[in-house]
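Hi everyone, thanks for making time. Let me put the structure up so that we can walk through it together.

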Amino acid sequence: MSTSTGKGWAQLRQQTRSLEAQTDTLFHTYSRFASAPNIPPKPTEEETRTESQIQELLEKRESLITQLSNLLTTDPSLTSSALKQNNLSLHRSTLHEHTQTLTRLRSSIAESRQRANLLSTVRSDISSYRSANPETAEADYMLDERSRIDRSHNVADGVLSQAYAVNEQFGVQREMLGNVQRRIVGAAGKVPGINSLIGRIGAKRRRDGVIMGGFIAL
């Protein structure tokens, strides 16, 4: 009895794991409908079929989990196995998670489709109104053009303001460098012998330059 029960447990677990893998694959396909940039107004045949297949797999898995639970309850050798109890708990948790995922994706697809349909309706109403009122449509077009021109002018004004600010900063920096230079010259004039020392340094540099020039010429 225990041997046959053990085989039954193994077969049920194998089927359950297989259905879990199939569910993951279908979820990958079904999630693309929720993230589609241009969702159709009504569910496509593929979307409807994928959703139905996922729902069917969830129901089959629930039935298998019930059978596994009954085996644990009726067979003492299985009841005492902590590993099998843990396996059953894991299958239940995965089923619960997948059920919630289906609900979430189904709701997300419905919301995306509702927004797309609403946007399409609004665009259609605007197009119909402009077709029935060509003067208003022309006025709207001119207002749109005026808004685009104003935005372009604002961008140009911003660029010019930045250029003026940079130019002003350059002026401030030039003034600061001039002040530093004047201070250095003034300080050098107050130190005895500094001008003579600077002159000798300059003469040495000129002499070194002449010597290096002579070597290069040779």
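This is a predicted model: local features need pLDDT of at least 70, side-chain atom pairs count only at pLDDT 80 or more; totals for chains, interfaces and linings use all residues.

What does Arg106 pair with? Its side chain meets that of Glu51 in a salt bridge, at 2.7 Å from N to O. This pair links distant parts of the chain, with Arg106 in helix H4 and Glu51 in helix H2, 55 residues apart. Glu51 is partly exposed too, with a relative accessible area of 22%.

How many salt bridges does a search of the whole structure find? Three. Another one joins Glu47 and Arg113, whose closest N and O atoms are 2.9 Å apart. Here again distant parts of the chain are linked: Glu47 sits in helix H2 and Arg113 in helix H4, 66 residues apart. Both Glu47 and Arg113 are buried.

Then there is Glu56 with Lys60, at 3.5 Å from N to O. These two are four residues apart in helix H2, so about one helical turn separates them.

Now, on to the nonpolar side. The largest nonpolar core has 22 residues, and Trp9, Ile54 and Leu102 are among those with the most contacts inside it. Helices H1, H2 and H4 each supply at least two residues of this core. Take Ile54: leaving aside residues up to four places away in sequence, Ile54 touches Thr23, Leu26, Phe27, Tyr30 and Leu102.

Last stop, Leu72, in helix H2. Leu72 counts as buried because its relative accessibility is 3%. Leu72 and Trp9 are 63 residues apart in sequence, and their C-alpha atoms are 8.9 Å apart in space.

Notes: Residues are numbered from 1 along each chain as its sequence is written. Side-chain values use heavy atoms; hydrogens and water are left out. A nonpolar core is a set of buried Ala, Val, Leu, Ile, Met, Phe, Trp, Tyr and Cys residues joined through side-chain atoms within 4.5 Å. Buried means under 20% relative accessible area, exposed over 50%, partly exposed in between (1.4 Å probe, protein chains only). Contact means heavy atoms within 4.5 Å. A salt bridge is a side-chain nitrogen of Lys or Arg within 4 Å of a carboxyl oxygen of Asp or Glu.
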